[in-house]
Amino acid sequence: MRRMGHQVMGFLERDDARMIVRLAMRQRPEGDMLEVGALYGRSAILLGYLLRQGESLIVCDPFESHLRGGLWPGLSRTAFEENYLRYHKQLPDVRQCRSSEISVVPGSMSLIHLDGDHLLDAAQADVDRAIPWLAKGGLLVVNDFDLDARGLAEVARSTTKVAYRV
Ligand SMILES: C[S@@+](CC[C@H](N)C(=O)[O-])C[C@H]1O[C@@H](n2cnc3c(N)ncnc32)[C@H](O)[C@@H]1O
């Protein structure tokens, strides 16, 4: 994600971004979107561009830079919000917490992007929570499908009826 010389650090790859956009444009039903695991905002900014009139984007992340041994320097809610506002006029609905602490209206989400805790138990819990939140025809996008040997990818593979491969 790059604008006016500014680049947002993150893990969303160009091909994955293209695939998400293509899928969403083709078959995303009406409804809000949710992202678990926003980091500095790269994928959330992309999702923000997919919002239609009257829809909201909920973003869930504890924004704690010390998670995973300080792997994410300078990570904070403020850093995320500043990045997001470089690309969009309005902030999304930011929930600064772990995914286990949020709840949304069942059947209301047109797209859920899971990119939070990649360890097996947490990932399984995220997928289990997400499925009932999806609207009919809603998209569950699970990041790092190919990269992780275990955890999030494993959960995605065992739930192929709902997870699209991106
Ligand atoms: C791989 S990064 C996300 C990358 C981001 N989607 C991007 O486009 O660059 C993982 C993020 O998940 C967040 N995270 C870790 N555990 C979480 C949890 N239990 N609930 C929600 N977010 C979590 C971390 O704070 C981190 O920001």
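A nonpolar core is a set of buried Ala, Val, Leu, Ile, Met, Phe, Trp, Tyr and Cys residues joined through C-beta atoms within 7 Å; buried means that 20 or more other C-beta atoms, placed from the backbone, lie within 10 Å of a residue's own. The model is predicted, with local features needing pLDDT of at least 70, side-chain atom pairs counting only at pLDDT 80 or more, and totals for chains, interfaces and linings using all residues. Residues are numbered from 1 along each chain as its sequence is written.

Select the largest nonpolar core first: 34 residues, among them Leu34, Ala44 and Met109, which belong to those with the most contacts inside it. Strand 7 (134-142) gives the largest share, 5 residues. Strands here are DSSP E runs of at least two residues, helices H or I runs of at least four, numbered from the N terminus.

Next, select Ile112. Leaving out residues up to four places away in sequence, Ile112 touches Leu34, Ala130, Trp133, Leu134, Leu140 and Val141 (contact: C-beta atoms, placed from the backbone, within 7 Å).

Then show helix 2 (residues 42-50) and helix 4 (residues 77-87), which pack at about 35° with axes 10 Å apart (axes are lines fitted to C-alpha atoms over the stretch in contact; angles run from 0 to 180 degrees between N-to-C directions). Ala44, Ile45 and Gly48 of helix 2 meet Asn83, Tyr84 and Tyr87 of helix 4.

Last, select the ligand. Of the 19 residues around the ligand, Gly10, Gly37, Arg42, Ser43 and Gly116 come nearest (a residue counts if its C-beta atom, placed from the backbone, lies within 6 Å).

Notes
Two residues are in contact if their C-beta atoms, placed from the backbone, lie within 7 Å. A residue is buried if 20 or more other C-beta atoms lie within 10 Å of its own, exposed if 12 or fewer, and partly exposed in between; C-beta atoms are placed from the backbone.
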